[in-house]
Amino acid sequence: MHINLKQEVRRSDFAVFGIITLVLLLILAVFGPLLTPYEPLKQTSFPFELPSFTHWLGTNHVGQDILSQLIYGARTSLLVGFSVAVLATILSAIIGTSAALIGGLYDKIVMRIVDALIVIPAIIVIILVAAYLKPNLLVLILLLALLGWQGGARTIRAQALSLKEMGHISAARSFGASNLYITFRHILPDLVPILLMGFIYGIRRAIFMEAGLAFLGVADPMTVSWGMMIHEALDFSYLNVWRWWLIPPGVALSLTIISVTGIGHALEGALDPRLRSEANA
Amino acid sequence: MRNVVTYIIAFLLILALNFLLPRMLPGDPLMAIYGNEALIAMTPELEAHLVERFALDQPLWQQFGAYLAALVQGDAGYSYYYNSPVLSVVLGRLPWTLLLVGTALILSTLLGIVLGIESGWRRGTRRDKSLLAGLMAVSGFPDFFLGILLLIGFGMTLGIFPLSGAITPYSGLSGAPLVLDVLHHLFLPATALTLGYLGASYLLTRNTMITVLKNPYMLVARAKGLHDRKIRYRHAGRNALLPVITRTGIQLGRMVTGAIFVEIVFAYPGLGYLTYEALLARDYPILQGVLLIAAVSVLIANFLVDLSYPRLDPRIRYAH
């Protein structure tokens with residue numbers, strides 16, 4: 001697979017849109033503390049204050065500034081999304097390539113476990129574990145990563161198996177290259193596109209799951225997140241505060257997921273030769 | 001046979017998780033197994049009974065034995081919050097989830113296939129591009145946010161759909177009015193879920209369609225001078241169906257858990273809403289029961305898909 005990813009991505013409107021949005025969100029997340037007028041969890045004013053120049057999006061039911069929460073929500077979403085995706089991708093790469101290269105009984109046992117994990121409905125397991133452990137952000141990231149690598153591991157193993165039989169790998173082996181050397185020098189570089197796809201969709205899944213858990217109210221109440229904002233605002237949906245309290249975090253969350261999906265779609269189109277064509281939509 | 005072994009392993013993993021989670025936590029395992037509600041009702045006799053029932057004074061492997069023995073007899077625990085056996089509470093909610101998710105799954109698959117075929121056929125045109133962009137945007141909306149938007153728009157502002165529940169309580173309806181009432185309540189949650197699922201089945205159909213269109217038999221069909229629509233649906237569309245149906249089958253397994261968030265938004269009394277109620281009440285037996293039932297239905301659905309697959313794709317039948 002020798003594809004100029006940069007060029008492919010630039011040709012897709014979805015990817016360009018996605019990357020620009022994500023970069024903007026990243027800037028917002030990184031410089032959040034400098035940009036927010038108030039501490040997101042500090043009571044700064046009366047509850048249910050209307051949007052004004054001092055509180056652009058008003059205040060919530062305990063008088064916290066909604067705009068500050070919105071900006072901090074980007075930090076949580078992106079932090080969870082990226083770290084879970086990094087961890088899960090590393091896990092799936094290690095397990096997928098090792099199963100393919102070592103083979104034998106190890107491969108059989110590992111793939112059985114992977115198959116079983118794929119069948120298990122992850123969301124409800126996460127809810128149950130979260131209900132018991134009441135995880136903080138770090139535990140939540142580990143939990144999502146631990147339950148998010150199995151699908152990727154299967155794809156990576158399949159790809160590594162076919163790479164393993166290729167000429168340049170047997171050539172390397174005949175020169176006495178070890179499994180580790182072959183993995184790092186020949187197999188992993190060729191797996192980069194697949195790993196990238198897994199990474200992108202991993203981000204999407206993690207952001208979605210984090211928002212969902214916070215929406216359920218099983219996330220850490222000290223972590224400001226968009227899901228939690230929606231959860232809290234929904235209790236007051238009979239007031240018209242939803243206009244500036246509920247809609248902004250929902251739109252921000254959707255925009256984040258849409259931009260990640262756009263990048264993923266463009267990559268998918270670039271990596272699948274059957275989908276590539278002159279009119280690359 | 002390979003799959004059956006996978007299912008057994010998956011089922012054992014779920015059982016182990018259900019068994020170990022409450023027992024591994026620091027603190028009183030009884031509290032973790034039974035949640036807050038039980039402690040209020042707790043008497044020394046009841047406690048002694050429960051300790052014996054779960055073999056909590058025995059080593060871990062004997063506890064696991066007691067747990068399995070109870071399960072085999074159909075005893076998945078007792079909910080003190082609902083004051084009835086876990087299995088009957090969970091199974092009582094199951095039909096509503098099946099109705100909601102089943103409707104959404106069928107609608108989104110059918111709609112996704114038609115839109116995907118049309119879009120793939122016209123790939124690169126303006127209509128295809130706007131459809132693609134529109135559906136990608138919709139599928140980026142988390143289903144609970146879609147639900148909230150529908151609820152605020154059609155339920156609260158316009159007031160043409162009920163805000164919560166699956167039937168009008170105490171209405172005493174029966175027959176056709178009851179069916180209409182159920183459909184009326186079903187409309188918004190099912191729409192939210194359909195929109196949430198639509199993007200995936202549409203994108204998959206479109207991608208497959210693009211691949212299928214490159215086959216030589218498409219040229220033959222065209223050379224025969226067949227009508228455009230006939231080529232599109234009979235020759236191309238039909239061959240693009242298989243992956244979509246496989247995916248729907250896999251989705252079928254997610255049926256029970258797929259609607260958690262939408263059910264909560266609309267207070268729709270299925271398993272998802274039950275999960276939420278149990279979370280609020282810290283009713284752990286119910287949570288475990290939901291996980292158990294969800295896992296079993298995933299396994300059953302996968303098994304059915306495996307069985308039906310050779311019928312859908314003759315190549316598999318010949319390969320074995």
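Helices here are DSSP runs of at least four residues, numbered from the N terminus. With that in hand, let's look around this predicted model.

**Stop 1: chain B.** You'll find 15 helices and two strands. Of its 320 residues, 41% count as buried. Now think about contacts between residues with a separation of 6 or more: in chain B, 73% of those come from residues 24 or more positions apart.

**Stop 2: B:Phe19.** Select B:Phe19, which sits in helix H1 of chain B. Is B:Phe19 buried or exposed? B:Phe19 counts as buried because 20 C-beta neighbours lie inside 10 Å, and 20 or more is what a residue needs for that label. B:Phe19 and B:Phe64 are 45 residues apart in sequence, yet their C-alpha atoms are 7.0 Å apart in space.

**Stop 3: the side facing chain A.** Bring chain A into view. Here 44 residues of chain B are in contact with 38 residues of chain A. Several helices of chain B give two or more residues to this side, including H6 (126-140), H7 (143-157) and H14 (284-312). Helix H1(B) gives the most, with ten residues. Colour this side of chain B by residue type and you get 31 nonpolar, nine polar and four charged.

Stop 4: Finally, select residues 176-213 of chain B, which make up helix H8. A straight helix of 38 residues would span 56 Å, but H8 spans only 46 Å between its end C-alpha atoms. Where does H8(B) bend? Zoom in on B:Phe187: the bend there is about 40°, and B:Pro189 follows within four residues.

Note on methods
Residues are numbered from 1 along each chain as its sequence is written. Chains are lettered from A and ligands numbered from 1 in the order in which they are written. This is a predicted model: local features need pLDDT of at least 70, side-chain atom pairs count only at pLDDT 80 or more; totals for chains, interfaces and linings use all residues. The expected span of a helix is 1.5 Å times one less than its number of residues. The bend at a residue is the angle between axes fitted to the seven residues ending there and the seven starting there. A residue is buried if 20 or more other C-beta atoms lie within 10 Å of its own, exposed if 12 or fewer, and partly exposed in between; C-beta atoms are placed from the backbone. Two residues are in contact if their C-beta atoms, placed from the backbone, lie within 7 Å. Ala, Val, Leu, Ile, Met, Phe, Trp, Tyr, Cys and Pro count as nonpolar, Asp, Glu, Lys and Arg as charged, and the others, Gly among them, as polar.
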